[in-house]
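I opened the notebook to look at the ligand site. A side check on one residue comes at the end.

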Amino acid sequence: MKTLEGKTALVTGASRGIGRAIAIDLAENGCNIVINYNHSEDGAHETQRLVEEKGVKCRLEKADISDKEECDAMLEDILSGEGGVDILVNNAGINRDRSFLKMTRQMWDEVLGVNLNGPFNVTHGLLPHMVEQGWGRIINISSMGGQTGNFGQANYSVTKGGLIAFTMTLAREVARKGVTVNSVSPGYTHTDMTAGMPESAVDSVNAMIPMGRMADPSEIASAVSYFASPQASYVTGQVLGVNGGMYM
Ligand SMILES: NC(=O)c1ccc[n+]([C@@H]2O[C@H](COP(=O)([O-])OP(=O)(O)OC[C@H]3O[C@@H](n4cnc5c(N)ncnc54)[C@H](OP(=O)(O)O)[C@@H]3O)[C@@H](O)[C@H]2O)c1
C-alpha cells in the first residue's frame with residue numbers, strides 16, 4: 001500500500017549509504033522525494049534514478065547543511081518549488097575519529113557543524129510550515145554511539161546523543177501541532193562510513209553483535225518509513241535502535 005502518496009520528504013545526505021536507502025524506501029511507499037547532497041553529484045543522480053523507478057517525483061538539492069546560507073537557499077528553493085516538506089529525515093552525518101587526547105578542535109567543530117548544526121539549520125527552516133499545516137514527521141538519524149559512547153568518537157557520540165535529546169525536546173514542543181519527532185539509532189551498517197574498517201576490526205565488531213553481522217542500509221530505512229507512516233501516528237519522542245541487538 002502506498003501510504004505516503006501525496007507527501008513530500010526531504011532526506012539530507014541521500015547521495016549514498018543509509019540516506020539513499022531511506023529515499024528509496026519512502027518512494028516505495030509513494031512519497032515524493034527531495035534529495036539533499038553535498039559532494040557526490042553522481043551518487044545523487046543515481047539515487048534520483050532509483051527513486052524515480054518507483055514512479056514518484058524526485059529532485060536534487062545541493063547544499064552543505066552545516067552552512068546556514070547554503071542551507072537557507074536550499075530551503076527557499078524547496079518551499080517555493082514544492083510548497084513545503086511533510087517528512088524531514090535528518091540523515092546527513094560525518095565522522096572524524098580519533099582518541100580524545102589526539103582530537104583537534106577542528107575535528108570537533110567539523111563533526112558538530114554537520115551532525116548538529118546541520119539538523120538545526122534544516123529543521124528550523126522547515127518546522128514552521130509543518131506546524132502551519134498541522135502535520136509533519138521529523139526523523140533524526142542518531143547512532144548507537146550516542147547511547148553507549150564509542151572509543152575514538154567523542155565528537156561523533158556527542159552529536160548523536162545530542163540528536164536524541166533534540167528529538168525528545170522537539171517532540172514535546174510540537175506534540176499538539178500534529179508533528180511527530182522520532183529517532184532511528186543504527187548500529188554498525190554497511191556504508192562508506194564503515195567501509196574503511198580493517199577486516200580484523202569488522203570481525204571483532206561482528207563478534208560483539210548478537211546477530212553476528214552488520215546491518216544493510218535497507219534495514220535502517222524500514223524503521224524510518226515506519227515513523228513516517230500513518231501507523232506511527234501516536235508515536236513521538238522515541239528512539240528505535242536498529243543494531244542487531246548490540247545495545248538493548
Ligand atoms: N554506517 C553506519 O555504521 C552508521 C551507524 C550509525 C549511524 N549512522 C548515521 O547514519 C547517517 C548516514 O550515514 P552513512 O553510513 O550512510 O554515511 P555515508 O555513507 O558516509 O554517507 C553520508 C551522507 O551524508 C552526506 N553529507 C555529509 N556531509 C554533508 C553536508 N555537510 N551536507 C549535506 N550532506 C552531507 C553525504 O553527501 P555527499 O557524499 O554528497 O557529500 C552522504 O550522502 C549518518 O548520520 C551517520 O552518522 C551510520
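How far is an oxygen atom of the ligand from an N or O atom in the side chain of Ser40? I found 2.5 Å for that pair. I keep in mind that this is a predicted model.

A ligand oxygen lies 2.8 Å from an N or O atom in the side chain of Lys160. I then checked cover. On its own the ligand has 900 Å² of accessible area, and the protein covers 95% of this.

Where does the ligand sit? I located it in the largest pocket.

I listed the surroundings next. There are 32 residues around the ligand. Those that come nearest are Ser40, Asp64, Asn91, Tyr156 and Thr191. I sorted the shell by class: 13 residues are nonpolar, 15 are polar and four are charged.

Which elements give two or more residues to the shell? I noted helix 1 (17–28), strand 2 (32–37), helix 6 (154–174) and helix 7 (192–195). Helix 7 supplies the largest share, with three residues.

Last, the side check. I found Leu240 in strand 7, which spans residues 239–242. Is Leu240 buried, partly exposed or exposed? Its relative accessible area is 33%, so I logged Leu240 as partly exposed. I also took the C-alpha separation of Leu240 and Gly187, which is 11 Å. The two residues are 53 residues apart along the chain.

Note on methods: Residues are numbered from 1 along each chain as its sequence is written. This is a predicted model: local features need pLDDT of at least 70, side-chain atom pairs count only at pLDDT 80 or more; totals for chains, interfaces and linings use all residues. Side-chain values use heavy atoms; hydrogens and water are left out. A residue is near a molecule or strand if one of its heavy atoms lies within 4 Å of it. A polar contact is a pair of N or O atoms within 3.5 Å; within protein, one must be able to donate a hydrogen and the other to accept it, and residues adjacent in sequence count only if both atoms are side-chain atoms. Accessible areas come from the Shrake-Rupley method with a 1.4 Å probe; for residues, only the protein chains shown count as cover. On a 1 Å grid over the protein atoms alone, a cavity is a set of points where a 1.4 Å probe fits but cannot get out, and a pocket is an open set with protein on both sides within 12 Å along at least five of seven lines; lining residues have an atom within 4 Å of a point. A molecule sits in a cavity or pocket if more than half of its atoms lie within 2 Å of its grid points. Helices (H or I, at least four residues) and strands (E, at least two) are DSSP runs, numbered from the N terminus. Ala, Val, Leu, Ile, Met, Phe, Trp, Tyr, Cys and Pro count as nonpolar, Asp, Glu, Lys and Arg as charged, and the others, Gly among them, as polar. Buried means under 20% relative accessible area, exposed over 50%, partly exposed in between (1.4 Å probe, protein chains only).
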